Amino acid sequence: MEPKAQKKWAMVVDLDRCTGCEACVVACHAENNIPTVGEKEAAIGRAMHWIRVERYYEGDFPNVKVKFQPVFCQHCDAAPCEPVCPTYASYHTPDGLNGQVYNRCIGTRYCANACPYHVRFFNFFNPAWEKPLDLQLNPDVSVREVGVMEKCTFCVQRIKATEIRAKAEEREIQDGEVQPACAQTCPPKALVFGDLNDPRSEVARLAGSNRATRLLEDLGTKPKVIYLQRDSWHDGKESD
Amino acid sequence: MLKAIYGLYADPDSAQRAVDSLRAAGVDERAISVASSEPFEEYEFGRREQRTPMAWLAALGGLVGGVSGYLLSSLTQKAYPLPTGGMPLAPLWTNGIITYELTMLGAILATLAILLVSARLPNWKPQLYDPAISDGYILVGVVSPPEALRIGLERTLREAGASEVKELVVGLDAEPRTQGVSE
Amino acid sequence: MTEKSQINADLLRPLFRTSWRFFALVGFLGFFVVAAFAAFGYQMYTGIGVWGIRRPAFWAFDITNFVFWIGISHAGTLISAILRLANATWRRPVTRCAEVITVFALSIGAMFPIIHLGRPWLAFWLIPYPSERQIWPNFRPPLAWDFFAINTYLIGSVAFLTLPIVPDWALVRDKANGWRKRVYGILAMGWRGTPKQWSRLESAMHIVAIAIIPVAVSVHTVVSWDFAMAPVPMWHSTIFGPYFVAGAIFSGIAALILAMAGLRKLLHLKDYLKPLHFDNLGKLLLMMSLLWFYFIFAERLTTWYGNEPSEMAVFWATQRGAYAPLFWTMVFCNFLLPFPILAIKKLRTITGTVIASVAVVVGMWLERFLIIVPSLTHKYMPYNWGTYQPTWVEITIMIGTFAGMGLLYALFSKAVPIISIWELKVGLHASSVVRSPLSVAGTSGRLTTGHGQLTTDN
């Protein structure tokens, strides 16, 4: 029996479809027990949005253009956040994820400084959910305590759950069966998740698109999130 | 029981004379004891037993440290393999730094250990010593002198220019008693 | 003999006589130290969010202070070791003051990697021991190298400091009575002062001096690599190693001058810490100021010339933007003010060097801050640029470390002669003259005995 091919989880973000509605942000909060830090903390920059929609404005009114993109952990194959963790809290899993092990994290915050994408978030205080919001917590995901770093995990709990179910049913995981909360929620289906190593998967197909780019590629981080640029930004009429 | 007879000398020249005279009187080199509150390396008496393999042993300590550092970093990283950042599990670059630091630590600790052992520290047992040394006097004496030679040694020490000649007797109760030896 | 008795009396006086002023000083400094501990306790209880750190400036005051204190620690052992190996005789009263700074500054600096953690109670996971989780520390990050480098330097510095104290403890033991005699008797470890013991001590000092210099260089290089290994604009640069080592020696010499000036005044050591010492150290400080300027000019020229957008954002933020006041203060404190004071002989007095040193200490603290925060707040994706402001917790802890340094120094100089007495005495008679081994009373001359070389002399 030939060995199963190693999975390489990746995400494709179609910027042409993305409307910037931020439903993904809310879904991620709900799925992953991410605390809302409150107005005061958010004002000094401690908000924790594992996925966020970045906006850049170009030009002056009335010729304003908004460029926006959802940014979340790129699960880099040469992640700069991984070698700098002294306790192996940040490491690379065999299926291509950048794993964050909350139990090992002692909070040196080096990984957050090293990450060029600003996708790591720190628990500056113990998170609290006012009743009855604590009933909303997802039992599949741990609640992190003060001093621990966290970030997008590609909803590893859903990946694991699917793997377990597929193994129990003695079959392979189907393409599109694993849906991180953001991809599941996205109304225009701008977020597509799948196995890059599977040549028949949707992400593999989209990764070959001529619109495919990656963020900060020249830093050598080998990110695994592929951004499909908007066609209108490439129509030659405006400089990029 | 520690018995000794010694003289206190105000300057290193007379101390040197005393050591020479004791040698001329036939006292065994190992029985001659010198103590001072500062090193006198320009004088022969200050250069006794100078040769030491300390540097070589420190280098050996460094080698031990270096090997330990290399083994610690390379073996532990492979024992629980957690790949990070696309790097190899036990890169030579990073292991090299750990190896280097532990090499230096090994050399320093080896030096410390050899110092303590060869200088016989700590040693809180009664020894041939006189607090006058702290005032700048140099002590030159003979440990466990044969009773018959005592008078002769006392004269030798005095003739070399001692400010005082004393006798140190440490009894069974380990309390040292010194007494000046009268003329 | 009288000169040596005078030395004994002068340098042992602080150990035997204490005035109310000492207790006042200890109380004053102790207050700030206790306040710092209280602030840290509050931080542990409430959460590290009571600090001003935030996204994207995850490091700020904490690591600034860490690098600052480790830098200060480079004075002592490095200067003492280099001067010892170069046989600079003027070093004798200075070495112990310097080595004490190293040990205490290192200890203070080494606390920051622990107190800046999100979960400081788990700091022991950085120690390589076989844990029940079957996991060891990761040796790939610079933080792990920090652990080894700082501990090696600390152990080496403690050895370098305490080994030559033992003969002085024997001296105190002989001069003291009562409980002091007992305590110093134990500390002196039965030191007698035989030629063999002196010889072994000198050999050990020599070896440790040779070993400690590369260790000191490696320590601050490794600390600088905490920054250089990360892909952050104006961090990821090869200049960081040498730049930081030079900066460390620079701030260390300044701290040494300040410590010596303080001791001179408070312990009445005018006859031992002379204008000559401040003049010589002032010249070294001048050299390091020029070296610092060279490094910062080289770093900024290459950045400016390269015109790489991410780096230029940081560059302009420090030179013209929000951090410009701090940046230009730093340049003034590190170069513009010290240079004329230290270069002009008439101005290079004790007061002059003290003024220059205060400026350098301030300037070097600012330099560390300006390396960390402007870069972190201006990384590659401008949507995430931010600002930073410290809170009272961080400021209290920082003030506490300065007070703690002063307190440790005061307590140390009460228990140990702050100037190495035996080394000072050796300096009085050290010469290259070698006596013949068998010169009998009064006569001298050539005699061969087989006990090594001889020269004629009288």
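Helices, meaning DSSP runs of H or I with at least four residues, and strands, meaning runs of E with at least two, are numbered from the N terminus. What I am showing is a predicted model, in which local features need a pLDDT of at least 70, side-chain atom pairs count only at pLDDT 80 or more, and totals for chains, interfaces and linings use all residues. Residues are numbered from 1 along each chain as its sequence is written, while chains are lettered from A and ligands numbered from 1 in the order in which they are written.

For the complex, the predictor gives an ipTM of 0.91 and a pTM of 0.92.

Let me turn to backbone geometry. Most residues other than glycine have a negative phi, and most peptide bonds are trans. Lys189(A), however, is not a glycine and has a positive phi near 60 degrees; Lys189(A) sits in the loop between helix H5 (181-185) and strand E8 (191-195) of chain A. His75(A), also not a glycine, has a positive phi of about 45 degrees, and its place is the loop between strand E3 (65-71) and strand E4 (90-92) of chain A.

Are these two residues buried or exposed? A residue is buried if 20 or more other C-beta atoms, placed from the backbone, lie within 10 Å of its own, exposed if 12 or fewer, and partly exposed in between. His75(A) is buried, with 27 other C-beta atoms within 10 Å, whereas Lys189(A), with 11 such neighbours inside 10 Å, counts as exposed.

Finally, the peptide bond from Arg55(C) to Pro56(C) is cis, with omega near 5 degrees, and Pro56(C) lies in the loop between helix H2 (20-46) and helix H3 (61-72) of chain C.
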